[in-house]
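Subject: Structure for you to look at

Hello,

I am passing on the structure we talked about. Please open it first and then read the notes below it.

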Amino acid sequence: LHWTFASRWALATSFQLQNFERETGGDQFSPNRVETIGVPVTLRYFDTSGFFAGLRATYIHQDVSRPGVSELEGDESFAVLDASLGYRIPGRWGIATVGISNLLDTKFRFQDANFRTSERRPPEFIPERTIFARLVLSF
């Protein structure tokens, strides 16, 4: 759901459900079942000068089953807060962004999807504060 409630403000939210289950296989540390529910809510501001800002709160509930490794299974609920500031370069030359993921440095256990494939991807949530910068140029 997306809502532009004022000329420079936008609000967005969604509901995400990921469900993975297998009967057997994998090593002892690979889960047999992972159910993840996510609800991100994002508030964004866009200035006519090209500057923009965003704040996103994401609630996650995850239930993981690993038969034989009880200390790595169970359910976990947590929320993370992300913030970003950016600038759209005039003439559509690009966008520069600086942000902080997990702004409040929330500690949690999260099972990413990397155990399901040989192609490694960065985890969606990291249990420590992360500062990043991104520059995208178009020419």
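Val136 counts as partly exposed, because its relative accessibility is 42% and the partly exposed class runs between under 20% (buried) and over 50% (exposed). Please keep in mind that this is a predicted model. Val136 is found in strand 8. If neighbours within four places in sequence are left aside, Val136 is in contact with Trp93, Gly94 and Ile95. Val136 and Trp93 are 43 residues apart in sequence, while their C-alpha atoms are 8.4 Å apart in space.

Overall fold

The protein has eight strands and zero helices. Read from the N terminus, its elements run β-β-β-β-β-β-β-β. How does the radius of gyration of the protein compare with the globule rule? The radius is 18 Å, well over the 14 Å that the rule gives for 139 residues, so the protein is more spread out than a compact globule. The C-alpha trace spans about 55 × 30 × 25 Å along its principal axes.

Of the 139 residues, 24% count as buried. The accessible surface of the protein comes to about 9600 Å², and carbon and sulfur atoms hold 57% of that. Among contacts with a separation of 6 or more, 54% are between residues 24 or more positions apart.

Aromatic rings

The structure holds nine aromatic pairs. One of them is Phe5 with Trp9: the ring centres are 6.4 Å apart and the planes are at 25°, so the pair is stacked. The cut-off that matters here is that planes under 30 degrees apart count as stacked. Are these two residues buried or exposed, or in between? Phe5 is partly exposed, with a relative accessible area of 38%, and Trp9 is partly exposed too, at 34%.

Another stacked pair is Phe78 with Phe108, where the ring centres are 3.9 Å apart and the planes are at 5°. Phe78 lies in strand 6 (residues 74-89), and Phe108 lies in the loop between strand 7 (94-101) and strand 8 (130-137), so this pair ties together parts that are 30 residues apart in sequence. Both Phe78 and Phe108 are buried.

Ring pairs also link Trp3, Phe5, Trp9 and Tyr45 into a cluster. Leu43 is found in strand 4 (residues 33-46). Leu43 counts as partly exposed because its relative accessibility is 32%.

Salt bridges

Side chains of opposite charge can pair when their charged atoms come close. How many salt bridges does a search of the whole structure find? It finds five. Three of them are described here.

The side chains of Asp47 and Arg8 meet in a salt bridge, at 3.3 Å from N to O. This pair links distant parts of the chain, 39 residues apart: Asp47 is in the loop between strand 4 and strand 5 (51-65), and Arg8 is in the loop between strand 1 (2-6) and strand 2 (9-13). Asp47 is partly exposed, with a relative accessible area of 24%. Arg8 is partly exposed as well, at 31%.

Asp82 forms a salt bridge with Arg56, and the closest N and O atoms are 2.7 Å apart. Here the link is between strand 6, which holds Asp82, and strand 5, which holds Arg56; the two residues are 26 residues apart. Arg56 counts as partly exposed, at 36% relative accessibility.

Arg109 and Glu76 meet through their side chains in a salt bridge, at 3.7 Å from N to O. Arg109 is in the loop between strand 7 and strand 8, Glu76 is in strand 6, and the pair links these distant parts of the chain across 33 residues. Arg109 counts as partly exposed, at 38% relative accessibility.

Regards

Definitions and conventions
Residues are numbered from 1 along each chain as its sequence is written. This is a predicted model: local features need pLDDT of at least 70, side-chain atom pairs count only at pLDDT 80 or more; totals for chains, interfaces and linings use all residues. Side-chain values use heavy atoms; hydrogens and water are left out. Helices (H or I, at least four residues) and strands (E, at least two) are DSSP runs, numbered from the N terminus. Buried means under 20% relative accessible area, exposed over 50%, partly exposed in between (1.4 Å probe, protein chains only). Rings of Phe, Tyr and Trp (its six-membered ring) pair if their centres lie within 6.5 Å; planes under 30 degrees apart count as stacked, over 60 as edge-to-face and the rest as tilted. The radius of gyration is taken over C-alpha atoms; the globule rule is 2.2 Å times the number of residues to the power 0.38. Contact means heavy atoms within 4.5 Å. Accessible areas come from the Shrake-Rupley method with a 1.4 Å probe; for residues, only the protein chains shown count as cover. A salt bridge is a side-chain nitrogen of Lys or Arg within 4 Å of a carboxyl oxygen of Asp or Glu.
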